[in-house]
Amino acid sequence: MSEELNDRKNGFLELVKRIRYHNDAIAVLHWDLGTGAPRKGVPQRAEVIGMLSAEAFKLSTSDEMGNYLSYFNEPDNSSRLDPIMKAAVRECRKEYDKYKKIPEEMYKGYVILTSEAESVWEDAKKNNDFELFKPYLEKIVDYNVQFIELWGYKENKYNTLLDLYEPGMTVEKLDAIFTELRSRIVPLAAKIKEAAYQPEDQFLKQYFDRLKQEEFNLYILGRMGYDFDAGRLDESEHPFTTGINPGDVRITTHYYPNNFISSVMSSLHEGGHALYEQNICADLNGTLLCEGASMGLHESQSRFWENIIGRSRSFWQKYYSELQKVFPEQLKDVSQDDFYKAINKVKPSLIRIEADEVTYNLHIMIRYEIEKALINGEIKVADLPEAWKEKMKEYLGIVPPDDSKGVLQDVHWAGGSFGYFPSYTLGNIYSAQLYNTARKEIKDFDSLVLNGELFKIKEWLAEKIHKHGKLLKPSEILMQVTGEEINPEYMIDYLENKYKEIYKL
């Protein structure tokens, strides 16, 4: 490598590190907002986040960054870059091209708005007050539509937002995937509903002490390989993961006294996200590559641990006795088999994060169709409560009694995450596809789960997926690991096989 190229590389990486460190600070401030920051401090905190975001924005779109990218884009220079540098330049180029089209004050205003909106959403949800949140959401939607106009779009405005979270994904592709899922999942759900055998789950609705729930969650997170020296578990209104760097990945859950399985599953879910972040290769630290390849692939890890592992019979054959020790009175007369069937009971749910595996993707379809219509101007924010109820009735046969259990239940829109929800279904599909490969490559996969040797499974995922961070594209990782592109058949087969056995179909 020439002296000039080396100097440019070092200067570029130093600039990227400064951007990353701003983002690290912003992530800590967001985490604090979500885990109990005083309400009176929210407006100024939003201003601080806005200021830091604006500084990161300036660095990402600076002339200095533009000069580096132009230099590394020259064929002679590009050919001499190692894979990490090539990928780092690629990701910075995407950020540069995206943000260069947005006026700085516009971006700062948007960041401040969404930082405030998340706290307003919390209050609106608690008080069942959509009108409180509505003006914030209207502005957020308007900003996103303006961004799309600045960035440009192909065929459908929503495609631009999808690409932010799942590069290469389009409305056309998603419509085809959802059509296939609907054609087999809806009949499966109907058969389950009519099945003679229905699991009993009333015992799950007893009172379960919050501190004891936390005790069990901490135990399970440790068993799956979550490194508490590089993370922590807290409580928030809506569970989330904050990956600041591989040495600091924080997760949250939410505790319900009469629905303890919710906190267990959300801990496993967020723990899956955290394992991804904790096991990214150290060589990528300080760059924009030190994060998941896409949100769909990220969700594949959370759904893998929550559902494929956490709702499996083998998992609870190992850990149910430990759960009974924590809650002896509530579970003393409940067999392991009855518990397994109860936590896998299929029943249309008002709340997405509490939905069973079979109906979960219907929740995503509802949000996907509403978002498409909203971004393309077919409905307005004021229409959302009724649109939500109509879609819930159409897809799940139930209607929310209020907006807290309906349109206000998810935090994503408050943070401006339009285009994110399809990542959950993509994650389900990826997780089943990865599971199919893992069972072939990991000797005695089911026995490992049965014996509590989850570390070996975590190591396989770390080697195949986590370590790459954003070095490879999601499609490249999926092809490299499974040998094929996204294939929903594996998830559908997994659901049919599992639930036909549970419901004796």
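Student: In which helix does E116 lie?

Tutor: The model is predicted: local features need pLDDT of at least 70, side-chain atom pairs count only at pLDDT 80 or more, and totals for chains, interfaces and linings use all residues. Residues are numbered from 1 along each chain as its sequence is written, and side-chain values use heavy atoms, with hydrogens and water left out. Helices (H or I, at least four residues) and strands (E, at least two) are DSSP runs, numbered from the N terminus. The run at residues 104-126 holds E116, and that run is helix α6.

Student: Does E116 count as buried, exposed or partly exposed?

Tutor: Buried means under 20% relative accessible area and exposed means over 50%, with partly exposed in between (1.4 Å probe, protein chains only). The relative accessibility of E116 is 23%, so E116 counts as partly exposed.

Student: Which residues does E116 touch, not counting residues up to four places away in sequence?

Tutor: A contact means heavy atoms within 4.5 Å. P43 is 73 residues from E116 along the chain, yet their C-alpha atoms are separated by 6.4 Å. P43 is on the list of residues that E116 touches, which reads V42, P43, A46 and Y136.

Student: Is L384 buried or exposed?

Tutor: L384 is found in helix α17, residues 384-396. Leaving out residues up to four places away in sequence, L384 touches F130, L137, I370, L374, I379, V407 and W413. Its relative accessibility is 0%, so L384 counts as buried.

Student: How far are the C-alpha atoms of L384 and E55 separated?

Tutor: Along the chain, L384 and E55 are 329 residues apart.

Student: What is the radius of gyration of the protein?

Tutor: The protein has 22 helices and three strands. The radius of gyration is taken over C-alpha atoms, and the globule rule is 2.2 Å times the number of residues to the power 0.38. For 505 residues the rule gives 23 Å, and the protein comes close to that, so it is as compact as a globular protein of that length, with a radius of gyration of 23 Å.

Student: What percentage of the 505 residues in the protein is buried?

Tutor: In general, nonpolar side chains tend to be buried together in soluble globular proteins. In this protein, the buried share of the 505 residues is 57%.
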